[in-house]
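Please examine the following entry before reading the dialogue.

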Amino acid sequence: MTPQQLPLNLPHRQAFGHEDFLVAESNKDAVDWIDRWPDWLSYVLVIYGDEGCGKTHLSHVWQDRSHAVRLNEEEFFGQPLVGREKAYIFEDVDSYLSGAGREEQFLHTYNWLKEKGSFLLLTSRSHPRSWGMGLPDLASRILSCPIIELGRADDSLLASVIIKQFADLQITLPAEVLDYLLPRIDRSFAGVRRTVRRIDRLALTEKRPITIPLVRKALETLED
């Protein structure tokens, strides 16, 4: 048996520029809001959607435009914000609201940002109505902000994302392989990333071009 050469597990840096974000009906509203800044109707914007739908990428696009500062959990909920930045980002906010006193701290941060005239982009997996906010003042403030959903990709967007993911690896995907892969792939952006990386790794390991049989094998191993 010919020994397999294991590929180097080098990190792949994703491209986060505006030109790398693919626009479709499922994300057009959110992109429009990002492009509209700083002429927002509110200084807080909430973007929500499933894992891998593009929230982080879009937040990077806005960060490039606004020079926003990304806040970690400690900074958002505990450590006082003392800087003069005009824009902030906090991701996956709905994952951090269950701790004691978190809603009160959230409200304090919200009011501080409003007082300073700073903008805030929040991302979450679910609509704020599903966050289980028990503090009426916080709930009323958040629900009064623009809340934009990033929807699941349709076939056209999903195909474009698959092609781009391979292009980022300097791979041109044959049309027949794309046609085979499209109805069989996890339809989230995170699923596309996992599948593309698995296909690329298998192709490198077996020193084979990316063909339908190789993709079929990669998909089978993803299910194991």
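Visitor: On what basis are the values given?

Guide: This is a predicted model, in which local features need pLDDT of at least 70, side-chain atom pairs count only at pLDDT 80 or more, and totals for chains, interfaces and linings use all residues. Residues are numbered from 1 along each chain as its sequence is written, and side-chain values use heavy atoms, with hydrogens and water left out.

Visitor: Is Arg-102, which meets Glu-73 in a salt bridge, buried or partly exposed?

Guide: A salt bridge places a side-chain nitrogen of Lys or Arg within 4 Å of a carboxyl oxygen of Asp or Glu; here the N to O distance is 2.6 Å. The pair joins helix H4 to helix H3 across 29 residues. Buried means under 20% relative accessible area, exposed over 50%, and partly exposed in between (1.4 Å probe, protein chains only). Because its relative accessibility is 17%, Arg-102 counts as buried.

Visitor: How many residues apart are Asp-168 and Lys-164 in helix H6?

Guide: Their side chains meet in a salt bridge at 2.8 Å, N to O. Asp-168 is partly exposed at 23%, whereas Lys-164 is buried at 18%. About one helical turn separates the two, because their spacing in H6 is four residues.
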